[in-house]
Amino acid sequence: LVELRSGTSANTKVATRAAFLKSNGAIVDLDGISGLGFPGLEPGPYYIVLRHRNHLAAMTSTSVLLSAVSAQYDLTTGPDKYYGSEAKILTGDVYGLYAGDVTGNGAVVLAQELTVVRANNLQQRYDRSDVNMNGAVVLSQELTVVRGNNLRTTKVP
């Protein structure tokens, strides 16, 4: 989900849209190709919040000017792009969201996530427990990701 806010607090949400997050990090509309639009939204500065099924939510560190012309904000370039200045180093100097929030409570806590992952072990389906996003829940694989992000919490208010 992509959420737009006029400010940083949760009560400033002005719009939410479902979108696809592609493997290259691009966010596109539900047709899988088009840029994500917010029809009827007034042009202006908005904070962008990203919510993914089993990752910690993240928000842009600054407002982004949105208009009818496509705006781009590259979260992969550094933690300074994230509200709270915290992002997961994926490879080298590429940053992204923290994975492992299987319970969806805004925190990665090994003991909590373990219960859910164990209950779905060896399932091959689209599932919150599949934190490494390979299409199957395999306890040892998912726990590697969860352990690496243990005790992380979302910085999104």
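Author: Let's begin with a term: contact, or packing, means heavy atoms within 4.5 Å. Helices (H or I, at least four residues) and strands (E, at least two) are DSSP runs, numbered from the N terminus. This is a predicted model, where local features need pLDDT of at least 70, side-chain atom pairs count only at pLDDT 80 or more, and totals for chains, interfaces and linings use all residues. Residues are numbered from 1 along each chain as its sequence is written, and side-chain values use heavy atoms, with hydrogens and water left out.

Now to helix α2, which spans residues 139-148. Its buried residues (under 20% relative accessible area, with exposed over 50% and partly exposed in between, using a 1.4 Å probe and protein chains only) are Glu142, Leu143 and Val146. They lie on the same side of α2, because they cover an arc of only 100° around the axis; the arc is that of the directions from the helix axis to the C-beta atoms. An α-helix has 3.6 residues a turn, so residues three or four places apart point the same way. The buried residues of α2 pack against α1 (110-119). Turn to the other side of α2, and you will find Ser140 and Thr144 exposed.

Thr12 counts as buried because its relative accessibility is 17%. Leaving aside residues up to four places away in sequence, Thr12 touches Leu4, Arg5, Ser6 and Gly7.
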